[in-house]
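Me: I'd like to learn how to read a few features of a structure. Could we go through them together?

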2 protein chains.
Amino acid sequence: MDDIGQKRRLGRRSTPHRGVRIQEVAKLAEVSTATVSRALASPQRVSPEKRARVLEAIAKTGYTPNLSARSLRSQKTGMILVVLPDLANTFFSRILRGIEETLFEAGYGMIISDLDGSPEKEAHFAAFTAAGRVDGAILLNGHLFGQSRDGQGRAAEIDMPIVALCESIPNADIPQIEIDNRAAARKMTQYLASRGHRRILYVSGPTGNVLERERYRGYRDGLRRAGLSFEPELVVPGDYTIESGMQAGRFIVEQRRRPSAVFCTSDEMAIGLIRVLLSAGIRVPQDISVAGFDDIEFAVVAEPALTTIRQPRQELGRAAASALIALLQKQETPRLIRLETELVIRDSVAEPRPSRDGRG
Amino acid sequence: MDDIGQKRRLGRRSTPHRGVRIQEVAKLAEVSTATVSRALASPQRVSPEKRARVLEAIAKTGYTPNLSARSLRSQKTGMILVVLPDLANTFFSRILRGIEETLFEAGYGMIISDLDGSPEKEAHFAAFTAAGRVDGAILLNGHLFGQSRDGQGRAAEIDMPIVALCESIPNADIPQIEIDNRAAARKMTQYLASRGHRRILYVSGPTGNVLERERYRGYRDGLRRAGLSFEPELVVPGDYTIESGMQAGRFIVEQRRRPSAVFCTSDEMAIGLIRVLLSAGIRVPQDISVAGFDDIEFAVVAEPALTTIRQPRQELGRAAASALIALLQKQETPRLIRLETELVIRDSVAEPRPSRDGRG
């Protein structure tokens with residue numbers, strides 16, 4: 001075990017700590033080398049006290065734990081890059097938890113990059129990835145390095161396992177993990193219609209975003225199934241942020257003929273929008289119903305608590321990490337994995353006031 | 001310029017793309033090599049259209065942009081690791097924005113690691129750092145790799161620039177960037193007392209956390225200055241999360257003699273706590289006033305809008321990144337930088353009801 005670990009380690013790119021051997025870690029931690037290996041491979045088989053000593057010794061010596069001993073033949077750096085479109089969106093926190101849990105069980109660490117819509121930043125991360133500083137990548141940004149969102153342009157030739165999560169990438173031959181955004185948006189629209197709403201305003205995501213495209217289709221599907229006509233003036237642009245929800249709220253406040261329900265395609269927008277309505281003396285849900293999408297942590301503590309679509313965020317993260325690990329182990333991996341969403345009914349949607357519009 | 005760039009690049013550790021030269025990037029982008037250099041070093045001097053072509057070509061070829069051309073002699077990987085204690089806390093989003101902006105202007109990319117309280121994960125990142133896969137690190141977790149929070153244990157010998165942000169690290173000889181947590185908590189406690197509150201409940205952060213220690217001292221200072229006696233039963237444990245705020249809220253609901261004001265040491269706890277009070281029919285601020293700490297994005301859209309302490313989050317991030325860049329450039333850097341906080345008065349704090357307690 002130790003010899004194998006040592007050989008593997010020497011096969012890596014040289015580092016300032018190339019001399020550090022498992023024996024040194026064992027000595028510093030005052031345990032056997034077998035215990036060091038076990039503490040990394042099967043932590044539950046080592047006492048917490050010994051385990052802490054081993055990990056402390058690893059940190060002090062700079063030894064790179066060879067977790068690849070667990071048959072991960074292709075592992076080189078032990079790190080996976082996760083590319084996010086916007087870290088500030090709290091939607092991602094549980095997804096990252098799910099990714100990290102699963103990667104960690106397989107002996108990988110996760111590092112995160114936040115693109116923030118910047119092509120310059122993307123060039124940085126593409127170079128970082130291409131330089132082999134990670135073993136694989138999970139993309140949540142809807143396109144491959146070097147491509148645009150609609151799949152135009154030649155993708156960067158990066159020879160490592162990559163999977164796409166949440167925002168699917170058109171025509172990319174990689175595993176893609178997502179929810180059925182169209183079906184989820186249809187479900188919410190039909191629910192609002194079933195409560196009696198006839199004028200359902202839609203607050204969109206960013207233009208060109210694949211999630212937005214699918215949710216918008218679902219909204220149209222839902223209207224059609226409920227026998228409601230589509231009215232273009234009931235579509236208001238947003239970008240999933242609190243601020244854009246507040247803007248949509250101000251737009252509604254200024255309307256003479258207001259909708260009886262608003263479907264925000266993110267919870268952050270719904271929370272911002274509700275704030276603006278309440279400040280203008282419009283009660284939610286008594287005067288206007290508001291629904292969200294995602295079920296972030298703040299949805300349940302919002303006032304009123306948000307009716308929304310729950311995405312299985314942690315499970316999405318776990319599924320993406322599992323698919324990536326399968327690729328790293330050269331196993332067969334399905335190209336498309338779709339997880340189920342759930343309509344979560346709380347307090348922000350009610351029946352429309354019959355007095356205000358006549359038709360709801 | 002190009003020759004220097006080329007030499008530097010060859011001096012790096014070998015990568016799958018070691019053959020990629022700036023000339024290839026220039027050819028693919030249909031610009032001169034000087035334009036490639038300029039697009040990276042002084043982007044504003046290159047047209048957006050050309051710049052996009054260059055960045056696309058960089059991504060496609062896997063060329064590692066040698067941004068160190070801007071006199072950053074010690075730059076090797078172009079990447080800085082940011083270590084967070086809990087990524088799920090939305091408090092960090094703007095801090096990360098500030099770090100990234102400043103790093104990016106200096107030609108560095110940011111990658112993020114989330115420790116989530118796990119020593120195993122920490123060993124991973126310590127090894128990653130020690131292996132030279134980044135050029136420096138910004139620690140927001142309150143201790144050096146290999147040490148405990150109280151500075152016990154020998155720190156890992158990692159030979160690269162490191163700065164501490166928000167959670168200061170005792171006795172560490174590195175630049176530390178923070179707010180004056182004690183003064184800020186004292187300010188909030190005195191404000192609550194100035195509104196007439198006599199029984200101010202304190203919801204703490206995690207035990208052993210330096211932020212918690214300082215804020216608790218500030219709470220005690222504030223009580224003393226306001227001439228209020230400290231009552232141990234008015235301290236309720238929390239850990240900065242929404243869930244722990246909800247727990248504190250349930251505790252208050254069950255009390256016969258309730259406080260007239262609650263000082264939550266994070267906005268997330270305040271939002272969770274308010275939710276529980278409202279659900280139990282306790283009005284905020286009419287029955288109980290609630291204050292937060294941090295001024296996260298959700299504070300202003302909360303219902304009622306949160307009275308809180310604003311941390312200059314983006315500026316904190318920028319200051320830490322600037323200090324790190326100074327270290328990377330071997331410049332003198334102050335050991336302690338403290339930024340100002342601000343008491344933000346919104347709607348969640350009012351005078352106590354005279355009828356309920358007699359003393360407020």
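Me: Where is Ser204(A) found?
Reply: This is a predicted model. Ser204(A) sits in the loop between strand E6 (200-203) and helix H8 (210-225) of chain A.

Me: Is Ser204(A) buried or exposed?
Reply: A residue counts as buried when its relative accessible area is under 20%. Ser204(A) has 8%, so it is buried. Among the residues that Ser204(A) touches are Glu212(A), Pro237(A), Asp239(A) and Met269(A), leaving aside residues up to four places away in sequence.

Me: Now the sheet in chain B. What is the order of its strands?
Reply: The order is E7-E6-E8-E9, in an open sheet of 4 strands with parallel pairing. Strand E7 (235-236) and strand E9 (289-291) of chain B are at the edges; each has a single partner strand, so one side of each lacks a neighbour in the sheet.

Me: How many bridges join E8 to E9 in chain B?
Reply: There are 3 between strand E8 (residues 261-264) and E9(B). For Phe263(B), the bridge partner in E9(B) is Ala291(B). Helix H10 (residues 267-279) of chain B packs on this sheet, where it touches E6, E8 and E9 of chain B, and its direction makes about 160 degrees with that of E9(B).

Me: And helices: why is H12(B) described as largely enclosed?
Reply: Look at how many residues are buried: in H12(B) it is 13 of the 16, so the rest of the structure largely encloses this helix. At 1.5 Å a residue, helix H12 (residues 313-328) of chain B should span 22 Å, and its end C-alpha atoms are 23 Å apart, which agrees. After H12(B) comes Lys330(B), with a positive phi near 60 degrees.

Technical notes
Residues numbered from 1 in each chain as written. Chains lettered and ligands numbered in written order. Predicted model: local features only at pLDDT ≥ 70, side-chain atom pairs only at ≥ 80, totals over all residues. Heavy atoms only, no water. Helix = DSSP H or I, 4+ residues; strand = E, 2+ residues; numbered from the N terminus. Expected span 1.5 Å × (residues − 1). Buried < 20%, exposed > 50% of the residue type's maximum accessible area, 1.4 Å probe, protein only. Contact = heavy atoms within 4.5 Å. Pairing = 2+ DSSP bridges. Axes fitted to C-alpha atoms, helices over the stretch in contact; angles between N-to-C directions.
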